[in-house]
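Hi everyone, thanks for making the time.

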Amino acid sequence: MALVVAAALLTMKYQRLGNDCVAAGFLTFVAGESLLQAGNAAGLEASVPSYVGGISLWAAALVLISAPNTFALWTRLTGFVAAILFAVSVGMVLWGAPLLPTSSPLPAAGYPFLVLTFIGWIWTLMKPER
């Protein structure tokens, strides 16, 4: 739930700053994370449809957030890499691959890049304004 609340707050922050693309990205991230949470109670195999929907929204959100130069280049690059890995995972499931949320190498390979992206967002928010 912390990710949903944080992304909702970031939506408001970037909307107020006039950065609509980033705000839309965080709003899309809220939708994706909410969809992921909805499938948690179903169990690992039964949660695959909501998981695939959630990470597809994550991928879209990461592209929207990373496209403008709001965040540092390394943060934007890790966001793009995570988006690509999650989008490939979605495609594989849609084409019939039996992937679970815990499958390796995909979708598991996307999580380290997602965490690095989170670190970049936090770093940006924590640094003093110039």
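Let's start with a proline: Pro107 has its place in the loop between helix 4 and helix 5. A word on terms: helices (H or I, at least four residues) and strands (E, at least two) are DSSP runs, numbered from the N terminus. Leu106 and Pro107 are joined by a cis peptide bond, with omega about 5°. Pro105 also has its place in the loop between helix 4 (73-94) and helix 5 (110-126), and a cis peptide bond joins Ser104 to Pro105, again with omega about 5°.

Before going further, some housekeeping. This is a predicted model, where local features need pLDDT of at least 70 and side-chain atom pairs count only at pLDDT 80 or more, while totals for chains, interfaces and linings use all residues. Residues are numbered from 1 along each chain as its sequence is written, and side-chain values use heavy atoms, with hydrogens and water left out.

Now the overall picture. The chain has five helices and zero strands, so its pattern along the sequence reads α-α-α-α-α. How does the radius of gyration sit beside that of a compact globule? For 130 residues such a globule would be near 14 Å, and the chain has 15 Å, which agrees. That radius is taken over C-alpha atoms, and the globule rule is 2.2 Å times the number of residues to the power 0.38. Along the principal axes, the C-alpha atoms fill a box of roughly 50 × 25 × 20 Å.

What about the surface? The accessible surface of the chain is about 7000 Å², and 73% of that belongs to carbon and sulfur atoms. These areas come from the Shrake-Rupley method with a 1.4 Å probe, and for residues only the protein chains shown count as cover. Of the 130 residues in the chain, 43% are buried. Buried means under 20% relative accessible area, exposed means over 50%, and partly exposed is in between (1.4 Å probe, protein chains only).

On to contacts, meaning heavy atoms within 4.5 Å. Among contacts in the chain with a separation of 6 or more, 66% are between residues 24 or more positions apart.

Next, the inside. The largest nonpolar core has 27 residues, and Phe26, Phe86 and Leu114 touch the most other members. Helix 1 (2-16), helix 2, helix 3 (48-66), helix 4 and helix 5 are the elements that give two or more residues to this core. Which helix gives the largest share of this core? That is helix 3, with nine residues. By nonpolar core I mean a set of buried Ala, Val, Leu, Ile, Met, Phe, Trp, Tyr and Cys residues joined through side-chain atoms within 4.5 Å.

Let's zoom in on Leu114. Not counting residues up to four places away in sequence, Leu114 touches Phe29, Trp58, Leu62, Ala82 and Phe86. Ala82 is found in helix 4 and is buried, with a relative accessible area of 0%. Beyond four places in sequence, the contacts of Ala82 are Leu62, Gly110, Phe113 and Leu114.

Staying on helix 4, have a look at Thr75. Thr75 is buried at 1% relative accessible area, and, with neighbours within four places left aside, Thr75 is in contact with Thr117, Gly120 and Trp121. Ser89 lies in helix 4 as well. Is Ser89 buried or exposed? Buried, with a relative accessible area of 2%.

Leu36 is in helix 2 (residues 20-39) and is buried, with a relative accessible area of 10%. Past its neighbours within four places, Leu36 is in contact with Ser50, Tyr51, Gly54, Ile55 and Trp58. Cys21 is also found in helix 2, but Cys21 is partly exposed, at 30% relative accessible area. Leaving aside neighbours within four places, Cys21 is in contact with Leu64 and Pro68.
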